[in-house]
Amino acid sequence: LSNLRDSAMEETVNAVIKEHALRPLTDYELNPETDTLEVTYSIISLDRNKAVIAYEGSFMLDGGAHPVGLFYTTNIDLNKGTLTGLSDYADSYTMAGYILSDDCVVYQPADSSPEVKAALKEYDIDTLWAILRQCDFSAEGLTGFPQSFSYENQGVIYISVPVSHALGDYV
């Protein structure tokens, strides 16, 4: 990113973005000679105070039967050069309850198939709560690649949740 309000933050912000954009390479211990990683990104939100970048793609381990779907986000406070995440804009227990409710809207796959809704209902609230407490790269005490990612855009909270490979690896 360039032309930030605080030009002294540009190097810090871009270093944070680069580090987290490349996390699948290190966290999944991909071998660049035998494994394949394909990722695209979208800038979901960008204003004077924050940037939200979503990454979507897949990786294929050498000898793997199928590629693994991948979705992750980088939420960055442009004034501080620090990561933000679900715990900064929502309560993880409340969000776990919402995901398990009939009111939850599933955006991916776009058809919100009954199988996807059923897969979400297989979670119990405590398991889903544990996943959401470790949501995003900013989660306290995080070790490894998070199972879940979130972002907020125009007051709406989006959260990815892991599901079976047959259903696309995440919704």
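Where does Asn3 lie relative to helix H1 (10-21)? Asn3 belongs to the segment before that helix, where helices are DSSP runs of H or I with at least four residues, strands are DSSP runs of E with at least two, and both are numbered from the N terminus. The structure is a predicted model, in which local features need pLDDT of at least 70 and side-chain atom pairs count only at pLDDT 80 or more, while totals for chains, interfaces and linings use all residues. Residues are numbered from 1 along each chain as its sequence is written, and side-chain values use heavy atoms, with hydrogens and water left out.

The protein as a whole comes first. It contains six helices and six strands. Read from the N terminus on, these elements follow the order α-α-β-β-β-β-α-α-α-α-β-β. The radius of gyration is 17 Å, close to the 16 Å that the globule rule gives for 171 residues, so the protein is as compact as a globular protein of that length. Here the radius is taken over C-alpha atoms, and the rule is 2.2 Å times the number of residues to the power 0.38. Along the principal axes, the C-alpha atoms fill a box of roughly 50 × 40 × 30 Å.

Of the 171 residues, 38% are buried; this term means under 20% relative accessible area, whereas exposed means over 50% and partly exposed lies in between, with a 1.4 Å probe and protein chains only. Among contacts with a separation of 6 or more, 53% join residues 24 or more positions apart, a contact being heavy atoms within 4.5 Å. The protein exposes about 9700 Å², of which carbon and sulfur atoms supply 51%. Its side chains include 9 positive and 26 negative ones, and the centres of the two sets lie 9 Å apart. In this count Lys and Arg are positive and Asp and Glu negative, with His and the chain ends not counted; each charge is placed at NZ of Lys, CZ of Arg, CG of Asp or CD of Glu.

Thr73 is part of strand E3 (residues 68-77). Thr73 counts as buried because its relative accessibility is 2%. Leaving out residues up to four places away in sequence, Thr73 touches Ile53, Ala54, Tyr55, Asp136, Phe137, Phe149, Ser150 and Tyr151. A polar atom of the Thr73 side chain also lies 2.9 Å from the backbone oxygen of Ser150. Such a polar contact is a pair of N or O atoms within 3.5 Å; within protein, one must be able to donate a hydrogen and the other to accept it, and residues adjacent in sequence count only if both atoms are side-chain atoms.

Ser160 is placed in the segment after strand E6 (156-159). With a relative accessibility of 4%, Ser160 is therefore classed as buried. Apart from its neighbours within four places in sequence, Ser160 is in contact with Phe71, Ser148, Phe149 and Val171.

Attention now turns to the loops. Asp47 is located in the loop between strand E1 (36-46) and strand E2 (50-60). Its relative accessible area of 38% makes Asp47 partly exposed. The side chain of Asp47 reaches two backbone nitrogens: that of Asn49 at 2.7 Å and that of Lys50 at 2.8 Å. Between the C-alpha atoms of Asp47 and Gly85 the distance is 16 Å, with 38 residues separating them in sequence.

Ser101 occupies the loop between helix H4 (92-100) and helix H5 (114-121). Ser101 is partly exposed, at 21% relative accessibility. Ser101 and Glu38 are 63 residues apart in sequence, and their C-alpha atoms are 33 Å apart in space. Thr143, in the loop between helix H6 (125-133) and strand E5 (150-153), is exposed, with a relative accessible area of 68%. Thr143 and Asp27 are 116 residues apart in sequence, yet 9.3 Å apart in space from C-alpha to C-alpha.

The last topic is the backbone angle phi. Most residues other than glycine have a negative phi. Asn3 has a phi near 60°, a positive value in a residue other than glycine, and this residue is exposed, at 71% relative accessible area. Gln154, in the loop between E5 and E6, also has a positive phi, near 50°. Gln154 counts as exposed because its relative accessibility is 76%.

Conventions
Areas by Shrake-Rupley, 256 points an atom, 1.4 Å probe, with all protein chains shown as cover.
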